[in-house]
Amino acid sequence: MKTNYSLNKDDFVVVLTGAGISAESGIKTFRDSDGLWENHPVEEVATPQGYRANPKLVWEFYKQRYNQLSEVEPNPGHFALAKLEEFLGERFCLITQNVDDLHRRAGTKNLLEMHGQLTSCFCTKCNEHFAVKDIDLDKDIPPCLSCDGLLRPDIVWFGEMPYFMDQIDEALRKATLFMTIGTSGQVYPAAQFLLLARSYGIRTLGVNLTEPENRSFIEEFHRGKSGEVLPELIDLLIKE
Ligand code: OAD
């Protein structure tokens, strides 16, 4: 493997990950399965309208995704990114579109989970947030622990505003390298970060199994599985 880049401790790296980085841990990606998410049309389980129409089904779906977390482990791709953060310290920011907890479990600290997280939920009435481990998952639609409202998963659904957009822009403005990993580049605003990075004059690097939609904005592209490519690539990038 070869790379044109090398990093030193003055670099600031922003990484965007998508479903591809967790694929080798056994979590299915979205668009590799005909627009279905674990056999459900996305509109049914990933929109506010879907929740309003059938909150029981939506909870059933996310309870399954939540329970799956205890059956999967971070893979070498997640660990390689944690190693990169160890090298760069504060000069590293990982933005993920994933709602699993695998980056956190691999040790990533400066993590922006822009599409929310499976381990959290909030009340549709009082807006208070709770850890899913603390709520009553035996109930079809778990009730709020503070008021009589209904809880919903803390997932950013289609049509909702992703989290941390200000922090993401701030990180991008400081970056010297932007890496996009395991994402098809089809869902906005995440797909736009690569274009923003280029417009800020930041170098760009991609790792993906297939060519993403926004491939033309990636200066150095490594085709392959992130769990195989990243450990070697990151060792090369931080070799002094
Ligand atoms: P996608 O399923 O759209 O894309 C996954 C990408 O990862 C594809 O380009 C695959 O080729 C690639 N891939 C698969 N296995 C890989 C591997 N082992 N190593 C590297 N790449 C691999 O998933 P996302 O781009 O993450 O939103 O989807 C973005 C958003 O759309 C998700 O966050 C989700 C979804 O609807 C919400 O839930 C709000």
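Buried means under 20% relative accessible area, exposed over 50%, and partly exposed in between (1.4 Å probe, protein chains only). Helices (H or I, at least four residues) and strands (E, at least two) are DSSP runs, numbered from the N terminus. This is a predicted model, where local features need pLDDT of at least 70, side-chain atom pairs count only at pLDDT 80 or more, and totals for chains, interfaces and linings use all residues. Residues are numbered from 1 along each chain as its sequence is written, and side-chain values use heavy atoms, with hydrogens and water left out.

**Exercise 1.** Work out which residues of helix H7 (residues 165–174) are buried, and what covers them.

*Solution.* 
- Start with the list: Ile168, Ala171 and Leu172 are buried.
- Now look down the axis of H7: the buried residues fall within an arc of 100° (taken from the directions from the helix axis to the C-beta atoms), so they line one face.
- Finally, the cover includes strands E1 (13–17), E4 (92–96), E5 (111–113) and E9 (177–181), plus helix H8 (193–199). Contact here is heavy atoms within 4.5 Å.

**Exercise 2.** Trace the open sheet of 6 strands.

*Solution.* 
- Read off the order, E5-E4-E1-E9-E10-E11, with parallel pairing. Two strands pair if DSSP finds at least two bridges between them.
- Spot the edges: E5 and E11 each pair on one side only.
- Zoom in on E9 and E10, which share 5 bridges in the parallel sense; Thr180 has Gly206 in E10 as its bridge partner.
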